[in-house]
Structure formats: C-alpha cells, structure tokens
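Work through the following exercises with the sequence and the model at hand, trying each task before reading its solution.

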Amino acid sequence: MREGGAREVHLRITCPPIVSPCFYGVDTPTKQELIASTHRVEEIRQFLGADSLGYLSLDNLRQAVGDTQGRYCLACYTSNYPTVVQERLIALRNRE
Ligand code: SF4
C-alpha cells in the first residue's frame, strides 16, 4: 500500500486475535503458526509495518453476534475449547 502511495496504513481486524486452532471444521494453522499466539498486538503491528492495528474485542464480538449468555464457541480467540475432543486432536496435530 505504501508503494502505491499510501502515506499511512491503519489496519482493523473484524475479530479478536486468533491464538489457537479450530478443531471444529475451520482450517486454521497450528498454534505455532498463528502470530497472535506468541506476539502482542503491538508486535504484530510492527511485523506488518502498519501505522496502527486494531482488533475487535471479545466482548464486542459477543455483542455483535448476540451471544449474551456466553454460550458460543470462542476457542480460537480464548484457547478455551467447549469439548474434550480437542485434547486428542491437539496431541495428533502436535505430531505433525
Ligand atoms: S469460534 Fe470455535 S468453531 Fe468457530 S472458528 Fe473458532 S474455534 Fe472454530
């Protein structure tokens, strides 16, 4: 974008930082490959070379999707999986 003439680059992400893989059907990379699992937002901003970087907060995501009772899966943002299946899958994926 800068090469195209942008003087500033401000990046906004419409979800919280993804810190853990999904084991329920979304093809996400391993935890080691997810930059937000090991880096803070400021570090990610520097890596991307953006002037600013902002993510949607977990509370605002819940509000946006109407999860008023906290019942929706948010595991890729929190690492708190709603089932025990994930433990076996994590072990399998760690062998890759
Ligand atoms: S919220 Fe749950 S089901 Fe949806 S992508 Fe994240 S881990 Fe997978």
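**Exercise 1: a loop residue**

Task: decide whether Arg40 is buried or exposed.

Solution: Arg40 has 10 other C-beta atoms within 10 Å and is therefore exposed, given that a residue counts as buried with 20 or more other C-beta atoms within 10 Å of its own, exposed with 12 or fewer and partly exposed in between, the C-beta atoms being placed from the backbone. Arg40 belongs to the loop between strand 1 and helix 1, and its C-alpha atom is 9.2 Å from that of Pro17, 23 residues apart along the chain.

The model is predicted, with local features requiring pLDDT of at least 70 and side-chain atom pairs pLDDT 80 or more, while totals for chains, interfaces and linings use all residues. Numbering starts from 1 along each chain as its sequence is written.

**Exercise 2: helix 1**

Task: state how many residues of helix 1 are buried.

Solution: the count is zero among its eight residues, so helix 1 is hardly covered. After helix 1 comes Gly49, with a positive phi near 75 degrees; helices here are DSSP runs of H or I with at least four residues, strands runs of E with at least two, numbered from the N terminus.

**Exercise 3: the ligand shell**

Task: find which residues lie around the ligand, and their classes.

Solution: Seven are nonpolar, with no polar and no charged residues, the nonpolar class being Ala, Val, Leu, Ile, Met, Phe, Trp, Tyr, Cys and Pro, the charged class Asp, Glu, Lys and Arg, and the polar class the others, Gly among them.
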